[in-house]
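Visitor: I am new to this structure and would like a friendly tour. Could you show it to me and take my questions one by one?

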Amino acid sequence: MKNISKYLLLALLMLGLVEPALAVPSFARQTGQDCAACHVGSFGPQLTPYGTKFKLGGYTESDGKEGHIPLSAMLVQSFTHTNKDLSADAADGFKNNNNMSLQEVSMFVAGRFTDNIGAFAQGTWSEPDRQFSMDNLDLRLVKPMQVAGKDTVLGISVNNNPTVQDPFNTVPAWRFPYMSSELAPTPNASPLIAGGLEQTVIGATAYGFYDNNWYAELGGYQSFSKSMLNSMNVDPGDKIDGTSPYWRLAYFQDLRKQAFSFGLFGMNSHLLPGWSSGRTDKYNDIGIDGSYTFLGTREHVFAVNGSFIHENRNFDASYADGGASNKNGHLNSLNLSGSYHYNKTYGLTLGLFDVNGNKDQSLYNTGDADAGSIKASPDSRGYILQADWTPWGKEDSWGAPWANMRVGLQYTGYNKFNGASNNYDGFGRDASDNNTLYSFIWFAL
């Protein structure tokens, strides 16, 4: 019991310390498995069927040996080049183009505390932000049992980002790209469930995984207090009025040499803009998702992931104070990706994205160079192509499972950005001017 308290205290300390939490070698050391057992391509958060079940089991599976310490570390060095210089510096201390950045230095508390308790918590320092910030948290309590003669896992997740607790690589917290630039322009609109509440909320969800096939989850989220968010160096954003319910249904099938899943997820939120009182803005998100993974040979692995999210919006509060021109609106988001990995070493991934919705002069026509929309539109569309090399991805690789590295080259191309292909911001900037070449070296131990 004394050791449990020590680990929990360490986890809480870590939480005081920006991309989604990622794969960590402490899990491999705990289970005695090589990284490729859990992760497609031996590295990164894309899970194999074994990795999916490990997460649903609360990060508690072990090789039975004592002395595993649930700690890991990560460092990401990156370079960003956009097709055209930005009108201003990308961030304080950086230029308007061709920026080298120590993107992330992270420490993780990740692993098993008891037979029924496990966690994944990350603290990150980022050079663009120049501060430690709270990152994603997923603390789990699980209970394996038999229900009607079938293997069943019942669990509770306490987490701070809707969808971060999800076991599939189709939902916003875990979809491709798993690493991206923080110094390049990005589209001005996305559904609330796609990161709009990350790190600003705390929630509890209860889930069940029945017969290794059926997954169901139900829970809710509330905003941290402003003082708590300030102490964690997190922008308060907007406040949830009451509780935002979250739900999830999915079917998963592991056929050993291949696996697939499909499901539904959703969340309903009433937000108080700027922590005001009175009227709220209402967001109703519902998504459909699916995945397929081919694991037929040790050398060749294919994976396809996709999701579509529809968001209905009612801007009672923003419409009243002039923040929105339309009282009602909608937003759609489509994301597809397909990857191929060879010999647990070389990877190639293509992603496609499309965001569209109704126009709104007050919401989108900000008049900002690079980021505005003269069309007052959220519509953006493009592709992401990534090639990567993981030299120590095999079980007999040098330093396994301590030494892990991925070198990646990623290109993002835009056919449309914030409503137009040409002169989208009214200052002569085209969508293709934001095309981004991004390279990274990613270390984990």
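This is a predicted model: local features need pLDDT of at least 70, side-chain atom pairs count only at pLDDT 80 or more; totals for chains, interfaces and linings use all residues.

Visitor: How do the residues of the lining of the second largest pocket divide by class?
Guide: This pocket holds about 520 Å³ of space. Its lining has 21 residues, and those closest to the pocket's centre are A36, A37, T48, L295 and T297. Helix 3 (35-38) and helix 4 each supply at least two residues of the lining. Sorted by class, the lining residues of the second largest pocket are 7 nonpolar, 7 polar and 7 charged.

Visitor: Which strand gives the largest share of the lining of the second largest cavity?
Guide: The second largest cavity has a volume of about 130 Å³, and of its 16 lining residues L47, T52, S291, T293 and N305 are the closest to its centre. At least two lining residues come from each of helix 4 (49-56), strand 10 (258-272), strand 11 (281-294) and strand 12 (300-315). The largest share, 3 residues, comes from strand 10.

Visitor: How many charged residues are in the lining of that second largest cavity?
Guide: Let us go through the lining of this cavity by class. There are 8 nonpolar residues and 8 polar ones. The number of charged residues there is none.

Visitor: Which element gives the most residues to the largest nonpolar core?
Guide: That core has 18 residues, and I193, L197, I240, Y246, F265 and L271 have the most contacts inside it. Two or more of the core's residues come from each of strand 10 and strand 12. The one that gives the most, with 3 residues, is strand 10.

Visitor: Which residues is I240 in contact with, leaving aside its neighbours within four places in sequence?
Guide: I240 is one of the residues with the most contacts inside the largest nonpolar core. With those neighbours within four places left aside, the contacts of I240 are L197, V201, Y221, Q222, S223, H270 and L271.

Visitor: Is P128 buried or exposed?
Guide: P128 sits in the loop between strand 3 (117-126) and strand 4 (131-147). Not counting residues up to four places away in sequence, P128 touches F94, S101, L102, Q103, E182 and L183. Its relative accessible area is 14%, and buried means under 20%, so P128 is buried.

Notes
Residues are numbered from 1 along each chain as its sequence is written. Side-chain values use heavy atoms; hydrogens and water are left out. On a 1 Å grid over the protein atoms alone, a cavity is a set of points where a 1.4 Å probe fits but cannot get out, and a pocket is an open set with protein on both sides within 12 Å along at least five of seven lines; lining residues have an atom within 4 Å of a point. Grid points are joined across faces, edges and corners, and a volume is the space filled by probe spheres set on the points. Helices (H or I, at least four residues) and strands (E, at least two) are DSSP runs, numbered from the N terminus. Ala, Val, Leu, Ile, Met, Phe, Trp, Tyr, Cys and Pro count as nonpolar, Asp, Glu, Lys and Arg as charged, and the others, Gly among them, as polar. A nonpolar core is a set of buried Ala, Val, Leu, Ile, Met, Phe, Trp, Tyr and Cys residues joined through side-chain atoms within 4.5 Å. Buried means under 20% relative accessible area, exposed over 50%, partly exposed in between (1.4 Å probe, protein chains only). Contact means heavy atoms within 4.5 Å.
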